[in-house]
Amino acid sequence: MSDDHVYLSLAQGQDAGADGGEGDARWAFGTGFEDPLHGVDTAVPAGLDTAELAARCLALADDALVSAQRLAEWTTRAPELEEEVALANIGLDLLGQARLLYARCGQVDGTGRGEDAYAYFRDAADFRNVRLAELPRGDFAFTIVRLLVLSGWRLAEFQRLTDSPDPVLAAVAAKGTRELTYHRQYAAEWAVRLGDGTEESHRRMRAALDAVAPYLEELFAACDVREEVTAVLAQVTEAAGLTMPAGAALPGAGRDGTHTAHLAPLLAELQSVARAHPEAAW
Amino acid sequence: MSDTKVPRGDWPLYEVFVRGKRGLNHVHVGSLHAADDRMALTHARDLYTRRNEGVSIWVVRSDLITASTRDERDPFFDPSADKVYRHPTFYDIPDDVPHI
């Protein structure tokens, strides 16, 4: 590997200081952890539309929370152990984004609520996630197609949000783009393998695309990144030997609080423990 | 990607090596199953870099590794035990000279 240049690595080790030389023995202990909001001024900038900012953070956080919950449903059920860890990691990345966004929402919307208040003590009608996120887990093909669409769409929005006037939202977006790039890549690679796989996997992928297509319009109404996202989807489906179905979009939008019947049971499960013991400390 | 048309029922085993940010070499950290080389790489990223362990991953299919065997251990490794003169410790190296 060309970057294994001994002297360069040594120079880095010497510059870094005392713990530079023990690499081998301590490989299992990562170093260089950094708080994602390190160095970010959390004061709300003057002149910002706080209601709009709060609504945006809340909607993005709800998307992430609901998506993470659906991904978590693969725990103990994934086709392979490695896929289980991969899907759990993706869910945890989204959960981390949700936490930061809920916290920001609480700071900005004037209520001072914490993350738990948003996640555990709101009803389905108060959630602002897109409906695609709340659909049931489905089979692995559906999960991959949904992940491809949602991560590509979220990535496009986050790339724009790195320029947000709110420093915290910009920092969360910057961190999120790296995570979402991997999520999209993971989903794209699986989509190609399944689409270009056996007849069974190809059939399931077509069914998954048919199931997801009616919910696409809602995503672009929430954030108009249509061209980028459809270009990526076209590229992936072509490599997978599939085609994006054209179809009628379903009316209504999760951003307005209109949800399918699937959100309430999801929240009932998610919130059951917290609501049973509202004063509990974790 | 695979160039065979017959689906395989199992995923081969891969050995994973990770290099830390300050490390000089890739260290063997474990193994995993994957359908192909690229999938092995992403699996390794998901399984073995969760705690910020490293910045570079190598994956190798386990059946491509040639390893020494237990019955050969004596003729392979014992002869070097009594040849201490091969060790480069018989001259002084000044402190400000980097690794040789």
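This report describes the fold, nonpolar cores, helix packing and selected loop residues of a predicted model.

## Overall architecture of chain A

Chain A is built from 11 helices and 0 strands. Read from the N terminus, its elements run α-α-α-α-α-α-α-α-α-α-α.

Of the 282 residues in chain A, 38% are buried. When contacts between residues at least 6 apart in sequence are considered, 78% of those in chain A join residues at least 24 apart.

## Nonpolar cores

In soluble globular proteins, nonpolar side chains tend to be buried together. The largest nonpolar core in this model comprises 72 residues. Within that core, the residues with the most contacts are A61(A), L101(A), I144(A), V145(A) and A191(A). Another core, of 12 residues, lies apart from it and includes Y14(B), V27(B), A34(B) and Y48(B).

The surroundings of L101(A) can be given in detail. Leaving aside residues up to four places away in sequence, L101(A) touches C57(A), L60(A), A61(A), A64(A) and V172(A).

## Packing of α6 and α8 in chain A

Two packed helices are described by the angle between their axes and the distance between the axes. Helix α6 (residues 140-161) of chain A packs against helix α8 (residues 199-212) of chain A at an angle of about 50 degrees, and their axes are 8 Å apart. At this angle, α6(A) and α8(A) are therefore oblique to each other. Their crossing is right-handed.

On the α6(A) side, the contact is formed by A141(A), F142(A), V145(A), R146(A) and V149(A). The α8(A) side contributes S201(A), R204(A), M205(A), A208(A), L209(A), A211(A) and V212(A). Classified by residue type, the contact of α6(A) with α8(A) contains 9 nonpolar, 1 polar and 2 charged residues.

## Packing of α7 and α8 in chain A

Helix α7 (residues 167-195) of chain A also packs with α8(A), at an angle of about 125 degrees and with the axes 7 Å apart. This angle makes α7(A) oblique to α8(A).

The residues in contact are A191(A), L194(A) and G195(A) from α7(A), together with S201(A), H202(A) and M205(A) from α8(A). By class, the contact of α7(A) with α8(A) holds 3 nonpolar, 3 polar and no charged residues.

V232(A) lies in helix α10 (residues 226-239) of chain A. V232(A) counts as buried because it has 20 C-beta neighbours inside 10 Å. Its C-alpha atom is separated by 28 Å from that of A55(A), a residue 177 places away along the chain.

## Loop residues with positive phi

Most residues other than glycine have a negative phi. T76(A), which is not a glycine, has a positive phi near 70 degrees. T76(A) occupies the loop between α2 (50-72) and α3 (81-108) of chain A. With 6 other C-beta atoms within 10 Å, T76(A) is exposed.

In chain B, N52(B) likewise is not a glycine and has a positive phi, of about 60 degrees. N52(B) is placed in the loop between α1 (37-48) and β3 (56-61) of chain B. Because 14 other C-beta atoms lie within 10 Å, N52(B) is partly exposed.

Technical notes. Residues numbered from 1 in each chain as written. Chains lettered and ligands numbered in written order. Predicted model: local features only at pLDDT ≥ 70, side-chain atom pairs only at ≥ 80, totals over all residues. Core = buried A, V, L, I, M, F, W, Y, C linked by C-beta atoms within 7 Å. Contact = placed C-beta atoms within 7 Å. Helix = DSSP H or I, 4+ residues; strand = E, 2+ residues; numbered from the N terminus. Axes fitted to C-alpha atoms, helices over the stretch in contact; angles between N-to-C directions. Parallel < 35°, antiparallel > 145°, perpendicular 65-115°, else oblique. Left-handed = near helix turned anticlockwise from the far one by under 90°. Nonpolar A, V, L, I, M, F, W, Y, C, P; charged D, E, K, R; others polar.
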